Amino acid sequence: MPHGARRLALVLGVCTGLAGRAAAQAPEPLPMQEVAPGVFVYAAPIALAAPDNHGAIANLGFIVGRDAVAVVDTGGSFDTGRRLVAAVRARTALPIRYAIDTHVHPDHLLGNAALVAEEAQIVGHANLPAALAARRDAYLDAGRRLIGGAFAGTEAVAPTILVADTLALDLGGRVLRLEAWPTAHTNTDITVLDEATGTWFLGDLLFVGHIPALDGRLKGWLATLQRLKARSAARIVPGHGPPSVPWPAAAEPMERYLTGLERDVRTMIREGRTLGEAAERAGEAEAGRWSLFEAFAARNATSAFQELEWE
């Protein structure tokens, strides 16, 4: 082979190798559905965090404005956050200006570091920095144990823009209305309304299919749900479940479960039943109606009992 041809083959071989390694390192974009013009949602599987899902078990989204993009929740690992960024980049080169955390749970915000790498500002409830600081080590330890090697690089990054009441974020001709809520699902819940399309991200204030997880106040959640139902929206993006659902009909199953849990726990307290009995039996009529019931039902009943027994 002539010297020039050998040199060209060597260069092409090196370039091909570099391209192959770059492709191997590039994250696969999360599969997104466009639920309204410029509004994209990743509908997560209903599952617990595990090595095969890398913690991508919560619904995530992004909204594209004229000048910038906002992400709503970032996933349960740095890898998931990178895949969300890749999904944005598959659709637009606009800067990702904001990453909004709807609440403190790890499946919704442990991808924040990937968004910080994009120079996005992290936005969350005014209570979120303290709540995350209290849970950071436990979340990271659990992620390493449950997800394994795919959890590498994950950090717990707190928000720097805080929402105590309401906040408007302008993406350029597109305003997002953020609202902080009293303690309900957690003490860090915020919602995100895209005013242009009437698409309302409720985070885990709404579960569909996946059993609700109580980490705040049962009575507060039921009261907040009534306030949410009193408002209209073109569509809702739940924290877990389909990419979008009609409103307020989609709230009915969760309201039934939470109301039944409250009724069962109050009855058991009145009868002098123990916390352990409540954990085993409260809400059991709903067992066949929710995915992951066994993983969360006893915890929900325990939280409700502890809240209601000293009223």
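**Before selecting**

The model is predicted, so local features need pLDDT of at least 70 and side-chain atom pairs count only at pLDDT 80 or more, while totals for chains, interfaces and linings use all residues. Residues are numbered from 1 along each chain as its sequence is written, and side-chain values use heavy atoms, with hydrogens and water left out.

**The whole protein**

Display the protein as a cartoon: nine helices and 12 strands are present. Helices (H or I, at least four residues) and strands (E, at least two) are DSSP runs, numbered from the N terminus. The radius of gyration is 22 Å, close to the 19 Å given by the globule rule for 311 residues, so the protein is as compact as a globular protein of that length. The radius is taken over C-alpha atoms, and the rule is 2.2 Å times the number of residues to the power 0.38. Along the principal axes, the C-alpha atoms fill a box of roughly 95 × 45 × 35 Å.

Next, show the surface. The protein exposes about 13600 Å², of which carbon and sulfur atoms supply 55%; accessible areas come from the Shrake-Rupley method with a 1.4 Å probe, and for residues only the protein chains shown count as cover. Buried residues make up 50% of the 311 residues. Buried means under 20% relative accessible area, exposed over 50%, and partly exposed in between (1.4 Å probe, protein chains only).

**H185**

Select H185, in the loop between β9 (175-180) and β10 (190-194). H185 is buried, with a relative accessible area of 0%. Display its side chain together with that of D204: a polar contact of 3.5 Å joins the two. Such a contact is a pair of N or O atoms within 3.5 Å; within protein, one must be able to donate a hydrogen and the other to accept it, and residues adjacent in sequence count only if both atoms are side-chain atoms. Not counting residues up to four places away in sequence, H185 touches several others, including H103, H105, F207 and W221; contact means heavy atoms within 4.5 Å.

**Helix α7**

Move to helix α7 (residues 252-270) and select E262. This residue is buried, at a relative accessible area of 17%. Its contacts, not counting residues up to four places away in sequence, are L218, K219, L222 and L308.

Now select R270, also in helix α7. R270 counts as exposed, at 64% relative accessibility.

**Backbone features**

Select W247 and P248, which are joined by a cis peptide bond with omega of about 5°. P248 is placed in the loop between β12 (235-240) and α7.

Continue to E119, in the loop between α4 (112-116) and β6 (121-125). E119 has a positive phi of about 70° although it is not a glycine, and is exposed, with a relative accessible area of 72%.

Finish at L292, in the loop between α8 (275-281) and α9 (293-308). L292, likewise not a glycine, has a positive phi of about 65°. At 23% relative accessibility, L292 counts as partly exposed.
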